[in-house]
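Welcome, and please open the model in your viewer with the sequence panel beside it. We will go from stop to stop, selecting a few residues each time.

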Amino acid sequence: MKLITSYRGRGTEVGDEPMVLSFPSAPAGTPREGCRRRIVKASGLRLALQLAIAVVVFATAAGGAATKALAFSSHELAAKIAYCQDCHGPAGQGYRGFYPMPRLAGQQVEYFEDQLRAFVEGRRLNSIMSPVARSLSPAMMTALATDFRAFNPRPLGGDRRELAAMGEKIFQDGVPEQNVPACAACHGPEATGIKQIPRLSGQLYLYMVKTLTNFRKDRKEHLSDVMYPVVESLNKRQIEAVAAYVSSLR
Amino acid sequence: MKLTRLNIAILAIISFAVPAWAIDVETPKRCTVCHSASFQGLQPAPRLAGQRYQYLFNQLSDLGLHRRDDPNAKLFMWPVVATVNPQTARELALYLSTIPPVAAEDGDAELIASGRKIYQEGMPEANVVACVACHGPNAEGVGEIPRLGGLAYPYLRRRLEQWGRQGGYNEATRPPMPHVASNLSLKQIEALASYLSFVK
């Protein structure tokens with residue numbers, strides 16, 4: 001039984017402490033150039049600092065050229081990240097609560113942002129995530145997407161390992177006789193995804209099974225249309241196999 | 001206590017003569033001194049009946065290692081758990097998890113609605129997650145996540161206060177709980193605790 005000794009660590013290893021630096025806020029009276037960010041620790045075997053500064057400037061030219069910046073403080077961003085981590089895990093690796101909360105770590109930025117917008121617009125249906133997404137400004141969505149992209153914890157755990165080999169075959173080669181294309185064709189041979197196509201590697205087994213099984217039910221038309229014929233051609237065992245395979249990928 | 005087959009089996013195991021390493025008849029009796037004869041709880045000792053097996057075992061483990069260190073734990077549970085070995089802890093946890101729980105229903109009934117709202121929806125603006133995501137729609141818990149439904153109001157309120165507002169006592173819990181409670185106001189804690197005490 002693994003005992004977790006420290007919640008404050010944001011890394012993958014038990015007891016990791018994040019290295020965090022804060023930038024000072026811009027002094028009053030100067031044009032606010034944008035939002036400052038905390039440096040968040042990218043976990044892994046080596047310490048890696050990722051610095052991402054999002055600068056958002058909105059300017060309206062009118063006589064005295066007042067500049068208005070749509071921004072949030074580094075404190076607000078850190079608080080929001082911690083809020084996400086409460087469900088999605090200290091390093092965004094996901095969590096098996098009563099419902100499986102998916103891995104966010106290393107997710108494609110465009111996909112991440114699009115899902116949050118989908119929750120707001122009702123293109124994707126989830127009673128927990130819809131209110132969450134509605135509380136986020138677009139700039140905040142981008143900031144969260146960028147930060148979680150940088151996390152790199154180990155996968156939460158490979159379930160149903162005995163199905164992984166079957167899953168790998170489906171993932172890499174598809175199932176021609178069932179008209180199922182190879183997942184790798186879009187999601188990449190290592191399931192890392194690209195742009196709007198999500199990373200699947202390291203995703204939670206239960207979440208993958210649930211998503212593939214309920215795909216159409218949880219989505220309105222035109223969100224990930226291309227997936228509909230795929231999921232409807234896979235049987236239960238094949239879904240479990242693919243889920244088992246990708247959940248074990250680093 | 002409903003006599004399901006599992007309960008009968010458990011009772012049989014603990015009642016009959018068993019090897020020295022197995023649970024003795026006396027251990028559950030000692031628990032009843034504080035936790036009540038039916039294990040439904042007796043303030044300040046919480047209800048143990050119907051609690052999640054893995055959660056109960058983890059608590060016994062954390063208490064034994066002195067990682068759970070809230071004042072009542074320190075005062076009452078540390079000495080007790082010192083006499084419980086892991087195998088006994090496993091059997092105790094399993095036994096307790098099979099007892100049907102009874103809801104305490106001792107919270108403020110007028111706060112149920114607001115408590116339910118916090119539990120089911122969270123407060124995104126205040127960075128408070130919806131409890132339902134982990135603890136389930138009926139606060140039943142799963143795996144290592146405890147059942148909260150029907151626990152006594154004073155106990156729930158005290159634990160949430162300890163984590164969120166009093167500070168400290170954070171090291172002994174398992175993530176993400178200490179932080180989740182940190183953004184709750186006292187009124188919100190009272191509402192949550194009230195609502196949960198009525199959940200069956």
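Begin by selecting Pro44(B), which is found in the loop between helix 2 (26–35) and helix 3 (53–64) of chain B. Helices here are DSSP runs of H or I with at least four residues, strands are runs of E with at least two, and both are numbered from the N terminus. The peptide bond that joins Gln43(B) and Pro44(B) is cis, with omega about 5 degrees.

Before moving on, a word on the model. This is a predicted model, in which local features need pLDDT of at least 70, side-chain atom pairs count only at pLDDT 80 or more, and totals for chains, interfaces and linings use all residues. Residues are numbered from 1 along each chain as its sequence is written, while chains are lettered from A and ligands numbered from 1 in the order in which they are written.

Ser36(B) is not a glycine, yet has a positive phi of about 80 degrees. Most residues other than glycine have a negative phi, and most peptide bonds are trans. Is Ser36(B) buried or partly exposed? Ser36(B) counts as partly exposed, because there are 16 C-beta neighbours inside 10 Å. The cut-offs are these: a residue is buried if 20 or more other C-beta atoms lie within 10 Å of its own, exposed if 12 or fewer, and partly exposed in between, with C-beta atoms placed from the backbone.

Next, select Ala139(B), in the loop between helix 7 and helix 8 of chain B. Ala139(B) is not a glycine and has a positive phi of about 50 degrees. With 20 C-beta neighbours inside 10 Å, Ala139(B) counts as buried.

**Chain B as a whole**

You will find ten helices and zero strands. Buried residues make up 42% of the 200 residues in chain B. Two residues are in contact if their C-beta atoms, placed from the backbone, lie within 7 Å. Among contacts in chain B between residues at least 6 apart in sequence, 71% join residues at least 24 apart.

Zoom in on Ala191(B), in helix 10 of chain B. Ala191(B) is buried because 24 other C-beta atoms lie within 10 Å. Which residues is Ala191(B) in contact with, leaving aside its neighbours within four places in sequence? They are Leu111(B), Ser114(B), Gly115(B) and Ile118(B).

**The cores**

A nonpolar core is a set of buried Ala, Val, Leu, Ile, Met, Phe, Trp, Tyr and Cys residues joined through C-beta atoms within 7 Å. Select Leu156(B), Leu160(B), Leu192(B), Tyr195(B) and Leu196(B): these have the most contacts inside the largest nonpolar core, which has 36 residues. Two or more residues each come from helix 1 (74–88) of chain A and from helix 6 (112–121), helix 7 (132–135), helix 8 (153–164), helix 9 (177–182) and helix 10 (186–198) of chain B. Helix 10 of chain B gives the largest share of this core, seven residues.

Pick out Leu160(B) and look around: not counting residues up to four places away in sequence, Leu160(B) touches Ala181(B), Leu184(B), Ile189(B), Leu192(B) and Ala193(B). Apart from this core lies another, of 20 residues, among them Leu156(A), Cys183(A), Ala191(A) and Val246(A).

**Where the chains meet**

Show both chains together. The contact takes 19 residues from chain B and 19 residues from chain A. On the side of chain B that touches chain A, helix 7 and helix 9 of chain B each supply at least two residues.

**Across chain A**

Finish with chain A, which has nine helices and six strands. Of its 250 residues, 35% count as buried.

Select helix 5 (residues 164–173) and helix 9 (residues 236–247) of chain A, whose axes come within 7 Å and cross at roughly 95 degrees. That makes helix 5 of chain A roughly perpendicular to helix 9 of chain A. Axes are lines fitted to C-alpha atoms, for helices over the stretch in contact, and angles run from 0 to 180 degrees between N-to-C directions. Angles under 35 degrees count as roughly parallel, over 145 as roughly antiparallel, 65 to 115 as roughly perpendicular and the rest as oblique. To see the contact, show residues including Ile170(A) and Phe171(A) of helix 5 of chain A and Ala241(A) and Tyr245(A) of helix 9 of chain A.
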